[in-house]
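Here is a short briefing on a protein structure. Look over the sequence and the model first, then work through the points below.

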Amino acid sequence: MARVLIADDASFMRQMIREIIEPEGHSVVGEATNGIEAVEQYEELQPDLVTMDIVMPKRSGIDAVKGILAKHPDACIVMCSALGQETLVMEALQAGARDFIVKPFKPDNVVATIQKILEKES
Amino acid sequence: MALDVAKYRKLFLEEAAEQLGEFSRALLELEKDTGATESIDVIFRMAHSIKSMAASLGYDSVSEFAHSLEDRMEVIRSAGRIASGEELNLLFRGLERLESMIEVVRETGEPPPPEPELLSELSDARAFDPSTQIVEAKKKLQS
């Protein structure tokens with residue numbers, strides 16, 4: 001089971017992800033509300049996996065992915081995208097994000113995507 | 001996982017109220033400075049966030065309307081500024097409409113349908129594209 005950092009500026013979305021993954025045995029070790037916090041909390045908490053929103057204040061999710069991967073090339077990051085963000089998702093995947101989940105979240109899809117990434121890691 | 005709709009509706013209404021406040025403040029900044037990029041970014045993010053939250057709750061009309069505002073802001077973001085007073089006015093009307101839609105959700109638990117005309121105006125990105133306006137003005141002069 002994974003220690004997860006959730007990065008999203010909307011508490012609504014952070015709570016939703018938490019409620020989807022905690023019953024699966026994962027633990028949420030931190031919540032970041034912008035890209036700067038995401039990078040800082042990654043350093044501090046060293047989570048097994050990060051769910052990263054793309055559109056966030058101060059530093060975008062894509063910049064935060066680049067910032068984390070520059071120091072931690074093996075970091076497992078899943079992008080949270082919405083309709084119309086295909087180009088940004090591609091940019092994040094090219095930067096090294098492992099996969100993406102699409103809003104509105106489908107719980108089964110979120111769980112399966114995280115599971116797939118963790119299995120590849122083990 | 002069964003979504004606790006009442007709980008998430010409350011969260012949505014609280015968070016959307018804050019975001020609409022930020023949207024409004026940023027729009028007032030844009031009225032003073034049509035090239036205020038930070039304000040343009042704020043409105044883009046607020047529309048984006050409301051779109052995603054509304055979609056999560058099945059408030060499709062609210063999500064669709066916020067999406068059209070987000071798309072409009074994407075065009076403005078690329079241009080780096082509001083093209084005209086007319087476009088600013090459109091954003092004020094968009095904000096007002098979004099506020100009223102969310103108020104209906106607060107009162108009834110259901111969203112109303114969007115105004116098709118305003119949705120269409122917001123979607124008509126070409127109307128405020130300065131290059132398009134120049135080309136169309138030239139065409140008029142030549143005809």
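A salt bridge is a side-chain nitrogen of Lys or Arg within 4 Å of a carboxyl oxygen of Asp or Glu. Between chain B and chain A there is 1 salt bridge. Over all chains, the structure holds 17 salt bridges.

This is a predicted model, in which local features need pLDDT of at least 70, side-chain atom pairs count only at pLDDT 80 or more, and totals for chains, interfaces and linings use all residues. Residues are numbered from 1 along each chain as its sequence is written, chains are lettered from A and ligands numbered from 1 in the order in which they are written, and side-chain values use heavy atoms, with hydrogens and water left out.

**Where the chains meet**

- Which residues form the salt bridge between the chains? A:Glu19 pairs with B:Lys7, and their closest N and O atoms are 2.1 Å apart.
- The contact (heavy atoms within 4.5 Å) takes 18 residues from chain B and 18 residues from chain A.
- The size of an interface is often given as the accessible area lost when the parts come together.
- Here chain B and chain A bury about 1,600 Å² between them. Buried area is the accessible area (1.4 Å probe) that two parts lose on being put together, summed over both.
- Carbon and sulfur atoms account for 65% of that buried area.
- There are 6 residue pairs in polar contact between chain B and chain A, both residues being at pLDDT 80 or more. A polar contact is a pair of N or O atoms within 3.5 Å; within protein, one must be able to donate a hydrogen and the other to accept it, and residues adjacent in sequence count only if both atoms are side-chain atoms.
- On the side of chain B that touches chain A, H1 and helix H2 (37–56) of chain B each supply at least two residues. Helices (H or I, at least four residues) and strands (E, at least two) are DSSP runs, numbered from the N terminus.
- H2(B) gives the most to this side, with 9 residues.
- By class, this side of chain B has 9 nonpolar, 5 polar and 4 charged residues. Ala, Val, Leu, Ile, Met, Phe, Trp, Tyr, Cys and Pro count as nonpolar, Asp, Glu, Lys and Arg as charged, and the others, Gly among them, as polar.

**The nonpolar core**

- In soluble globular proteins, nonpolar side chains tend to be buried together.
- A nonpolar core is a set of buried Ala, Val, Leu, Ile, Met, Phe, Trp, Tyr and Cys residues joined through side-chain atoms within 4.5 Å. Buried means under 20% relative accessible area, exposed over 50%, and partly exposed in between (1.4 Å probe, protein chains only).
- The largest nonpolar core has 85 residues. A:Met52, B:Phe12, B:Ile50 and B:Val62 have the most contacts inside it.
- Helix H1 (residues 5–32) of chain B supplies the largest share of this core, 10 residues.
- Beyond its neighbours within four places in sequence, A:Met52 is in contact with residues including A:Ala7, A:Ala38, A:Ile68 and A:Cys80.

**Salt bridges within a chain**

- A:Glu31 and A:Arg18 meet through their side chains in a salt bridge (2.9 Å, N to O). This pair links distant parts of the chain: A:Glu31 is in strand S2 (residues 27–32) and A:Arg18 in helix H1 (residues 11–21) of chain A, 13 residues apart.
- A:Glu31 is partly exposed at 28% relative accessible area, and A:Arg18 is partly exposed at 26%.
- A network of salt bridges links A:Arg14, A:Arg18, A:Glu22 and A:Glu31.
- A:Glu91 and A:Lys66 form a salt bridge through their side chains (3.2 Å, N to O). A:Glu91 lies in helix H4 (residues 86–95) and A:Lys66 in helix H3 (residues 61–71) of chain A, so the pair ties together parts 25 residues apart in sequence.
- B:Lys10 and B:Glu14 also meet in a salt bridge (3.0 Å, N to O). Both lie in helix H1 of chain B, 4 residues apart, about one turn of the helix.
- B:Lys10 is exposed, at 54% relative accessibility, while B:Glu14 is partly exposed, at 40%.

**Two buried residues**

- Is B:Glu87 buried or exposed? B:Glu87 is buried, with a relative accessible area of 3%.
- B:Glu87 sits in helix H4 (residues 85–108) of chain B. Its side chain makes a polar contact with the side chain of B:Arg72 (2.9 Å).
- A:Cys76 is buried too, at 4% relative accessible area. A:Cys76 is in the loop between H3 and strand S4 (77–81) of chain A.
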